[in-house]
Amino acid sequence: MDIAWLRDFEALVAQKNFSRAAEDRNVSQPAFSRRIRALEEEFGVKLINRQTLPLSLTPAGEVFLAQSRVMLRTYDETLERCQIIDAAGENVIRFATSQSLYMTHYKTHIAPLVTEGGLEIDLNSTGWAADQFVSALQQRYCDVILTYWHPAMDALAPLELGNCEYITLTTDRLVPVSKTGADGPLYRLESGSKKPVSLLSYGTVSALRPVVDYALRLDPAGPKILVVNQSALASSVKAMVMEGFGLGWLPHKLCKTELSDGRMQIVGGQGYQQDLQVRLYRDKDNSKPSLNKLWDDMQAHSQDARQVADR
């Protein structure tokens, strides 16, 4: 499929007329029509309802429009990132991490070393699924991933089995929290309640979802749970908690300010809290000099190194 076909499709949706869309795309109308036909043949469905005036989309076309915009945005972002990396040179270290880790542990533990070492970083703070971080590292789309780790995170298992090494940078703790009301937390993790507890959970592709499920399984006699929302990002769960829609599990570092000033409270017993390691992973065969320097610096400042020094 030619990426230009997607731009043709968007132009046709905007103009609702083949002649005007062809003029907008600076091609002849017959050539433009052939490209739209080729796009429909590529996917094996009719995207345009040609029997209406102005032109309209078929149900399949409506779905395709949303996805084509995602594809074009991804294409443009990828092109821009590749051009930036190519212009910057081979010494750029390509990082990938989640938004919550970027806002907390990256800024605290890694950014100072990057500045001190004069290193060039291409930082991709993304909402990828857990397995996408794994494939990005394996396919060398990035040099380093910064991720939470917990034994329940099966999606990260390929990193353990593959040609990767890691540094345990520090630890965090995944805690169930609720917004504070006039009489304490709005939601509680208490057994015996007839009313289900509203849970702001993570989507199935989130790395934190299996940790929440694990914590809940540890107490089979616990309260009934009603999942009222699922989000990919911890920051989204945090925002929903603060709006009072339910309780949710958050990395402690991400909500420490709200816990300290009393706007949030940890609910449930210690058994509902789970330790998270914060790890850096890289491919052992990635011999980029700037990456080796950063790796050595991170090892010297890591939790593992501090533990050895304390013995």
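**Notes on the predicted model**

1. To start with charge: the protein carries 34 positive and 37 negative side chains, and the centres of the two sets lie 5 Å apart. Lys and Arg count as positive, Asp and Glu as negative, with His and the chain ends not counted; each charge is placed at NZ of Lys, CZ of Arg, CG of Asp or CD of Glu.

2. A word on the ground rules. This is a predicted model, where local features need pLDDT of at least 70, side-chain atom pairs count only at pLDDT 80 or more, and totals for chains, interfaces and linings use all residues. Residues are numbered from 1 along each chain as its sequence is written, and side-chain values use heavy atoms, leaving out hydrogens and water.

3. On overall form, the C-alpha trace spans about 75 × 60 × 35 Å along its principal axes. Buried residues (under 20% relative accessible area, 1.4 Å probe, protein chains only) make up 42% of the 311 residues.

4. Now the backbone. Most residues other than glycine have a negative phi, and most peptide bonds are trans. Here, a cis peptide bond joins L53 and P54, with omega about -5°.

5. K16, not a glycine, has a positive phi of about 55°. K16 counts as partly exposed because its relative accessibility is 40%, partly exposed being the range between buried and exposed (over 50%).

6. R140 is another residue to look at: its phi is near 65°, a positive value in a residue other than glycine. With 33% relative accessibility, R140 counts as partly exposed.
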